[in-house]
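Q: Hi! I'm new to this one and would like a quick tour. Can you help me find my way around?

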Amino acid sequence: MKPVIPVVAAIMLTSAGIRAANPISLEQKLEQAGYVDVTTIDPSIKVSLMYARSDNFVGAIMYTDLHKAYLHPEAAEAVVKAQQELHKIHPDYNLKICDASRPMSVQKRMYEKVKGTPQAPYVSNPARGGGLHNYGLAVDITIVDSSGTELPMGTPVDHLGPEANIDKEALLVKTGKISNQHRKNRQLLRKVMTAAGFKPLRSEWWHFNLRTRAQAKASYKLIDF
């Protein structure tokens with residue numbers, strides 16, 4: 001006679017099998033950890049995550065199951081505030097998020113891609129705790145017009161080079177590396193983001209942090225999955 005598996009045990013085994021066959025996506029993990037899909041607060045904010053595509057500086061898809069912009073609730077609210085500030089100045093413009101929360105598993109794969117190359121300094125080393133994207137407290141962002149076209153900023157988002165620096169824009173304009181309109185568009189982005197509490201990153205006009213690394217390590221949880 002074959003042994004009979006108790007009904008409860010059979011259900012547990014079946015459930016475990018379903019979970020194994022259908023692993024939880026990064027989006028589900030972020031939701032369960034309390035991070036917020038920004039568009040659920042303000043649907044007018046646009047999202048196109050560059051690491052869900054291959055046309056990024058790494059040259060590979062980093063997110064296969066993450067297509068929404070999740071942030072720490074404080075950062076999500078701050079982006080919404082920046083959108084409101086933008087609408088006061090240009091009602092037809094919208095913010096467009098290109099990267100938001102980045103789990104450490106992705107950070108590790110990204111760092112391995114660039115380790116030992118000139119691109120390495122642009123990716124926070126996961127062995128040193130990663131960066132503010134890994135806390136849901138940083139956002140890569142730009143502005144689009146009423147047709148959804150990105151405002152020209154002199155370089156694409158994710159351009160790694162001196163043309164993306166914000167502390168040398170006057171010189172970049174003077175030497176013809178970017179135009180005066182490019183500079184004005186960057187200044188508009190900085191104006192609305194800083195009004196919402198974000199701080200810009202010197203080397204990347206599109207990157208903004210809500211907190212410092214020290215504050216993040218002291219008071220916030222690392223997205224360690």
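A: Happy to! Keep in mind that this is a predicted model.

Q: Got it. Which strands pair with β5?
A: One is strand β4, residues 94–99, which pairs with β5 in the antiparallel sense over 5 bridges. Another is strand β7, residues 204–209, also antiparallel to β5, over 3 bridges.

Q: What stands opposite I141 of β5?
A: That's I97.

Q: And opposite V139?
A: There you'll find F208, in β7.

Q: Changing topic: how many salt bridges are there?
A: The count comes to 9. One of them joins R202 and D167, with the closest N and O atoms 3.7 Å apart. R202 lies in the loop between β6 and β7, and D167 in the loop between β5 and α5, so the pair ties together parts that are 35 residues apart in sequence.

Q: How accessible is R202?
A: R202 has 45% relative accessibility, so it counts as partly exposed. D167 is also at 45% and counts as partly exposed.

Q: What about E169, what does it do with R186?
A: E169 and R186 form a salt bridge, their closest N and O atoms being 3.2 Å apart. E169 sits in helix α5 and R186 in helix α6 (residues 180–195), and the two are 17 residues apart.

Q: Are those two buried or exposed?
A: Buried: E169 has a relative accessible area of 3%, and R186 has 1%.

Q: Where does R190 come in?
A: Its side chain meets that of E169 in a salt bridge, at 2.8 Å from N to O. R190 lies in helix α6 and E169 in helix α5, so this pair ties together parts 21 residues apart in sequence. Salt bridges with shared partners join E169, R186 and R190 into one network.

Q: And is R190 buried or exposed?
A: R190 is buried, with a relative accessible area of 15%.

Technical notes
Residues are numbered from 1 along each chain as its sequence is written. This is a predicted model: local features need pLDDT of at least 70, side-chain atom pairs count only at pLDDT 80 or more; totals for chains, interfaces and linings use all residues. Side-chain values use heavy atoms; hydrogens and water are left out. Two strands pair if DSSP finds at least two bridges between them. Helices (H or I, at least four residues) and strands (E, at least two) are DSSP runs, numbered from the N terminus. A salt bridge is a side-chain nitrogen of Lys or Arg within 4 Å of a carboxyl oxygen of Asp or Glu. Buried means under 20% relative accessible area, exposed over 50%, partly exposed in between (1.4 Å probe, protein chains only).
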